[in-house]
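Trainee: I have a model open and some terms to sort out. Can we go through them one by one?
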Amino acid sequence: MNLRGGKAMLSNKHLDALNKQINDEYYSSYIYQSMVAYFEDKNLDGCAHWMKMQAEEEHLHALKIFNYVVERGGRVELFAVPKPPIEWDSPRAAFEAALDHEKLMTDKISKLADLAIEERDHATNNLMQWYVSEQVEEEANVDDILKKLDIMGDEGTGLFLMDRELKSRPAPSPNDVEG
Ligand code: FEO
């Protein structure tokens with residue numbers, strides 16, 4: 001671990017990993033924004049709204065790490081955001097892709113937490129524990145939608161009812177990702 005002005009700095013390895021995670025969170029936002037476009041095209045306004053709120057939340061996830069790196073005296077480096085998929089086989093397939101993506105993010109967060117523990121960086125570990133809990137919620141939210149589609153049916157009336165329900169997702173607040 002480096003020291004500058006008496007303040008414990010992030011190791012270079014850690015800084016690189018956090019900068020990469022900022023990019024992954026922006027990519028998450030981009031995938032969900034692409035799903036907004038997909039659902040808008042299908043006139044599924046509720047699904048589109050839910051994905052829009054999810055895209056905003058991912059943007060806040062990126063900012064939370066961005067702000068943390070700055071606070072730790074690290075240099076944030078932004079990378080190009082890859083092009084996300086634009087098409088899915090069905091509305092259900094889009095939600096399945098969302099769940100798969102969240103599982104991948106959970107794995108990345110776990111690795112970041114492992115690194116923080118390995119480096120005895122308690123502050124970063126603390127931040128990562130916030131993301132660990134957040135990932136449990138993120139996976140559960142999408143899993144819940146998929147289970148309801150199992151019960152109600154993922155086309156016709158079932159999909160119509162689900163679309164109506166998803167309209168009510170509240171906007172994420174920057175306060176939700178603070179602390
Ligand atoms: Fe920020 Fe859904 O991972």
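Trainee: What separates K148 and D144 in helix α4?

Mentor: About one helical turn, because they are four residues apart in helix α4. A helix here is a DSSP run of H or I, at least four residues, numbered from the N terminus. Note that this is a predicted model: local features need pLDDT of at least 70, side-chain atom pairs count only at pLDDT 80 or more, and totals for chains, interfaces and linings use all residues. Residues are numbered from 1 along each chain as its sequence is written, and side-chain values use heavy atoms, without hydrogens and water.

Trainee: What makes the contact of K148 and D144 a salt bridge?

Mentor: The definition asks for a side-chain nitrogen of Lys or Arg within 4 Å of a carboxyl oxygen of Asp or Glu. For K148 and D144, N to O is 3.2 Å.

Trainee: Why is K148 called partly exposed?

Mentor: Buried means under 20% relative accessible area, exposed over 50%, and partly exposed in between (1.4 Å probe, protein chains only). K148 has 27%, so it counts as partly exposed.

Trainee: Which class does F160 fall in?

Mentor: F160 is at 52% relative accessibility, so it counts as exposed.

Trainee: And what about D24?

Mentor: D24 has 8%, so it is buried. D24 also forms a salt bridge with K108, at 3.4 Å between the closest N and O atoms. K108 lies in helix α3 and D24 in helix α1, so the pair ties together parts 84 residues apart in sequence.

Technical notes:
Helix = DSSP H or I, 4+ residues; strand = E, 2+ residues; numbered from the N terminus.
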